[in-house]
Amino acid sequence: MSSLKDFAVKGDKKIKLKQFATAPDDSISKEKIIRKTQENLEKMERFQDRLYSEGKEGLVLIFQAMDAAGKDSTIKNVMRGLNPQGIDVYSFKQPSGEEAAHSFLWRAIKCFPTRGKMAIFNRSYYEDVLVVKVHKLYETAKMPNRCKQGNVIERRYTDIKNFEEYEYNNGYRIIKFFLNVSKDEQKKRFLERIDLKIKNWKFSSSDLKERAHWDEYMKAYEAAINATATKHSPWYVLPADKKWYTRYLVSEAVLDVFKKIAPQYPELEEDAQQRLQADRECLIAEDNSR
Ligand code: ATP
Ligand code: MG
């Protein structure tokens, strides 16, 4: 049975996306995995409580994928186990006028949580080396020519890597998921979105236009993952054809990073503990006087 580390990319060697499975092995029991996921979600809740109480480290989970790979439902599942007061979700769509008028990391920096909290990015600044690369969108951006010359995307990889290390050095951990859905499964899900009335709203003709660029996207993902995977900010290339398996692996990765953070409930200083005892006695005396 495969484990999380089979899907982790940490920058020590170059990967080929083709070598990563899009579905679990037949030997993997769905019932067992669902049970383990539930256990993991409960553990995550306990970790998040400590993370929040300690307020020392922030955690950002980035989800990237082709359309219909299951980003939304995976995020919904991760959230199920967490306290909404300690986590925010942000979706990164086509940049607004104001966003496009800034440097590409600007809109993401604004979404970084305070330390002690978590954030989930549904798409992210990685779009600026994915869709922007596939369609060469930087060519039409309102920027000086020097910003469009040479290898724009390579420069952005470096910016991202430096940015993620900067965040790490400031008390943040960033982990990145690529939900690796197969082209066949995407077709199945698109057809379902077209055929089922209640799913129609999820489909847009532009999804089909992007599908036509599948191979270019795979190349862009592979290059981006290889250029930006590090020990501190790893990528996880997760099989996404079966949602129950993706959810399990995401919960494993989140638990793994929580274990690295090892958050602890803050211990009170001596004088604060004494104050607590005094308050306790006050409360007890109140009970007695009733
Ligand atoms: P869903 O389709 O499940 O609702 P989604 O994340 O695909 O979710 P959409 O509104 O369909 O949301 O698409 C957002 C689009 O915005 C994607 O096609 C994405 O590539 C694009 N996008 C995100 N960031 C940028 C960017 N910096 N430049 C250009 N396009 C971007
Ligand atoms: Mg979409």
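Is Asp 49 buried, partly exposed or exposed? Asp 49 is partly exposed, at a relative accessible area of 40%. The legends below refer to a predicted model.

**View 1. The whole protein in outline.** This predicted model contains eleven helices and six strands. Its C-alpha atoms fill a box of roughly 75 × 50 × 40 Å along the principal axes. Of the 290 residues, 45% are buried.

**View 2. A patch of negative charge on the surface.** Four acidic residues gather here: Glu 39, Glu 42, Glu 45 and Asp 49. Asp 49 sits in helix 1, which covers residues 30-54. With a relative accessible area of 40%, Asp 49 is partly exposed.

View 3. Glu 164 and Lys 176 meet through their side chains, 2.7 Å from N to O. Glu 164 belongs to helix 6 (residues 152-169) and Lys 176 to strand 5 (residues 172-180), so the pair ties together parts twelve residues apart in sequence. Both partners are buried.

View 4. The side chains of Glu 185 and Lys 188 form a salt bridge, with N to O at 3.3 Å. Both residues lie in helix 7 (residues 183-195); they are three residues apart, so about one helical turn separates them. The two partners fall into separate classes of accessibility. Glu 185 is buried, at 12% relative accessibility. Lys 188 is exposed, at 52%.

**View 5. The salt bridge of Lys 199 and Glu 192.** These two side chains meet at 2.9 Å, N to O. Lys 199 is partly exposed, with a relative accessible area of 25%. Glu 192 is partly exposed as well, at 37%. Elsewhere, Asp 67, Arg 123 and Glu 127 are joined into one network by salt bridges that share partners. A search of the whole structure gives twelve salt bridges.

View 6. Where does Cys 111 stand, buried or exposed? Cys 111 counts as buried, at 12% relative accessibility. Cys 282 is exposed, with a relative accessible area of 55%. A disulfide is a covalent bond between the sulfur atoms of two cysteines. How many disulfides does a search of the whole structure find? The count is zero.

Definitions and conventions: Residues numbered from 1 in each chain as written. Chains lettered and ligands numbered in written order. Predicted model: local features only at pLDDT ≥ 70, side-chain atom pairs only at ≥ 80, totals over all residues. Heavy atoms only, no water. Patch = residues over 30% accessible without salt bridge, like charges linked within 9 Å, V, L, I, M, F, W, Y side chains within 5 Å. Areas by Shrake-Rupley, 256 points an atom, 1.4 Å probe, with all protein chains shown as cover. Lys, Arg positive; Asp, Glu negative; His and termini not counted. Charge placed at Lys NZ, Arg CZ, Asp CG, Glu CD. Helix = DSSP H or I, 4+ residues; strand = E, 2+ residues; numbered from the N terminus. Buried < 20%, exposed > 50% of the residue type's maximum accessible area, 1.4 Å probe, protein only. Disulfide = S-S within 2.5 Å.
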